[in-house]
Amino acid sequence: YATARDYYKRAVDRDSKNEVFNRKYALSLSALGSHTEAVEAARKAMKSDDGSLESSMTLGQVLINAGKDSLNTAELTILTASKKFPNAPEPQTALGDLYFARGVYELAQTYYEKALSLDAKLIDARVRLGRSYREMAIRCPDLECAKPYYSKALTEYNDVTVRAPKNARAWLEQGEILMLAQEYEKAGQSFTKYVELRPEDPRGDILLAR
């Protein structure tokens with residue numbers, strides 16, 4: 001991300017009004033935790049292209065990443081985009097991310113499902129829907145309550161691993177659920193795939209060893 005930030009900074013220095021450069025710069029800054037600068041860059045992109053869908057989603061994302069004090073502003077930004085682009089799935093996914101950040105997983109589920117109803121091929125929305133189901137399972141008082149949510153999460157992850165076999169997150173979380181279900185051979189296969197895709201992440205090796 002630091003390397004990406006440096007390259008995008010050079011691009012912005014050459015053309016400060018280019019909305020694409022500012023969006024990319026904002027996202028790289030946000031990934032590095034430079035939230036104030038990220039929001040400034042995202043707002044420049046918004047001004048440059050009069051609030052396109054892409055720039056609106058970038059601003060919403062960096063505001064979500066900035067933390068709880070920015071979530072109300074993020075919500076307003078994303079809702080405005082949702083009204084402006086009613087048939088676009090991106091604002092629905094972003095609203096799912098917003099409510100996931102707030103810990104309101106039922107609403108996150110609702111918006112991820114809306115996004116998928118507009119475009120069933122979305123990968124990130126499906127992964128995040130699976131994560132919402134997992135969080136709802138974790139909040140259950142007992143295993144009987146949790147089982148249906150884990151089952152739904154597993155269905156989403158299975159779908160992603162078929163549609164996008166290089167999506168590492170889906171393999172990791174699929175493996176974790178299979179391990180909870182004591183299906184250790186299948187879990188091991190998922191963790192093996194995760195290790196192949198993310199060899200630098202020690203979680204894969206630890207879970208595979210378990």
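Contact here means heavy atoms within 4.5 Å. The structure is a predicted model, in which local features need pLDDT of at least 70 and side-chain atom pairs count only at pLDDT 80 or more, whereas totals for chains, interfaces and linings use all residues. Residues are numbered from 1 along each chain as its sequence is written, and side-chain values use heavy atoms, with hydrogens and water left out.

**Stop 1: helices 9 and 10**

Select residues 143-163, helix 9, and residues 168-180, helix 10. Helices (H or I, at least four residues) are DSSP runs numbered from the N terminus. The two axes come within 9 Å and cross at roughly 140°; axes are lines fitted to C-alpha atoms, for helices over the stretch in contact, and angles run from 0 to 180 degrees between N-to-C directions. Now display the side chains: Tyr-150, Ala-153, Leu-154, Tyr-157, Asn-158, Val-160 and Thr-161 of helix 9 meet Ala-170, Trp-171, Glu-173, Gln-174, Ile-177, Leu-178 and Leu-180 of helix 10. By class, this contact has 10 nonpolar, three polar and one charged residues. In that scheme Ala, Val, Leu, Ile, Met, Phe, Trp, Tyr, Cys and Pro count as nonpolar, Asp, Glu, Lys and Arg as charged, and the others, Gly among them, as polar.

**Stop 2: helices 8 and 10**

Val-127, Arg-131 and Arg-134 of helix 8 make the contact with Arg-169, Ala-170, Glu-173, Glu-176 and Ile-177 of helix 10. These residues divide into three nonpolar, no polar and five charged.

**Stop 3: the largest pocket**

Centre the view on Tyr-1, Ala-31, Gln-61, Asn-65 and Arg-128, the closest to the centre of the largest pocket among its 13 lining residues. Its volume is about 460 Å³. Helix 2 (19-31), helix 4 (53-65), helix 6 (90-101) and helix 8 each supply at least two lining residues. The lining divides into seven nonpolar, three polar and three charged residues.

**Stop 4: the second largest pocket**

Next select Met-57, Gln-61, Glu-90, Thr-93 and Arg-128, which lie nearest the centre of the second largest pocket, lined by 17 residues. Helix 4, helix 6 and helix 8 give two or more residues each, and helix 4 gives the most, with seven.

A pocket is an open set of points on a 1 Å grid over the protein atoms alone, where a 1.4 Å probe fits, with protein on both sides within 12 Å along at least five of seven lines; lining residues have an atom within 4 Å of a point. Grid points are joined across faces, edges and corners, and a volume is the space filled by probe spheres set on the points.
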